[in-house]
Amino acid sequence: MRRVPRVPVVAARPRTAEQVTGAAAGATSLAALDAAISDCFACPRLVDWREEVARTRRAAFREQEYWGRPVPGFGDPRARIGLLGLAPAAHGGNRTGRVFTGDRSGDVLFAALHRAGLANQATSVAADDGLTLRHTRVFAAVRCAPPANKPTPGERDTCRPWLHREVALLRPNLRVVVALGAFAWAAWWPTLHRVYGMSPPSPRPAFTHGAHWSGNGAPDLLGCYHVSQQNTFTGRLTPEMLDDVFARAKRLAGVE
């Protein structure tokens with residue numbers, strides 16, 4: 001039986017928005033940030049949901065141990081390309097403990113990253129499956145699986161310091177951010193202001209697939225339809241469209 005990652009031990013579990021802000025600011029490395037994220041209890045509705053899903057489990061995964069906690073980022077600590085998603089899936093990252101791992105969205109995403117030469121394998125089924133990313137790190141705007149994949153504005157805002165700190169730690173090398181969906185696109189503008197000290201453009205560019213915003217001194221931002229089953233099954237997002245986005249991201253990031 002595959003096991004989820006070991007739960008790290010941190011000094012204090014954040015239980016309020018203020019404590020999240022403090023814990024994020026105090027993380028001096030990605031490893032420390034990942035540990036703090038994984039032990040966050042600041043949003044009661046999300047805590048209840050992630051733990052309920054981990055207890056009841058889907059029938060197909062009945063014999064598996066669920067992670068049932070916030071899901072930290074994953075990938076190259078010196079990433080030049082960041083992939084920003086919405087939140088973990090209830091039976092994907094919330095089960096495996098690794099973002100975009102163990103669900104159909106991840107199947108599509110990591111297959112595309114492998115085709116682009118940014119992943120060593122095309123599949124992502126468990127945290128111990130040997131997957132590594134090249135020049136790329138994947139993270140989400142909200143770190144807990146939300147009911148119906150819809151975090152509330154308050155949950156989004158409470159979780160925001162984790163994203164800001166992760167981007168700050170990646171800043172020396174980060175050159176491009178790919179926003180997977182409109183939620184991630186919107187989450188980037190407060191990050192731009194907080195981490196880079198830049199005011200978001202006004203009016204803010206609308207999210208579309210293939211949208212491109214460039215700001216002096218900040219990473220380029222590319223828009224990409226989310227790799228959800230709804231988008232991929234209906235053909236709204238095709239493998240060719242994903243390949244084009246990642247090819248553009250590589251060019252902008254200076255990755256061969």
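Entry 1. I looked up tyrosine 196 in this predicted model and found a relative accessible area of 10%. Buried means under 20%, so tyrosine 196 counts as buried. I then looked up tryptophan 188, which is buried as well, with a relative accessible area of 0%. Tryptophan 188 and tyrosine 196 form an aromatic pair. The centres of the two rings are 6.3 Å apart and the planes are at 50 degrees, an arrangement that counts as tilted.

Entry 2. I asked how many aromatic pairs there are by this rule. The count comes to five aromatic pairs. One of them joins tryptophan 185 and tryptophan 189, and I noted it as edge-to-face. I recorded 5.8 Å centre to centre and 85 degrees between the planes.

Entry 3. I checked where tryptophan 185 and tryptophan 189 lie. Both are in helix 7 (residues 182–196), four residues apart, which is about one turn of the helix. Are they buried or exposed? Tryptophan 185 has 3% relative accessibility and therefore counts as buried. Tryptophan 189, at 2%, is also buried.

Entry 4. I looked up another charge over a ring, that of arginine 95. Its charged end sits over the ring of phenylalanine 61, 3.6 Å from the centre of that ring.

Definitions and conventions. Residues numbered from 1 in each chain as written. Predicted model: local features only at pLDDT ≥ 70, side-chain atom pairs only at ≥ 80, totals over all residues. Heavy atoms only, no water. Phe/Tyr/Trp six-rings, centres within 6.5 Å; stacked < 30°, edge-to-face > 60°. Helix = DSSP H or I, 4+ residues; strand = E, 2+ residues; numbered from the N terminus. Buried < 20%, exposed > 50% of the residue type's maximum accessible area, 1.4 Å probe, protein only. Lys NZ or Arg CZ within 6 Å of the ring centre and 35° of its normal.
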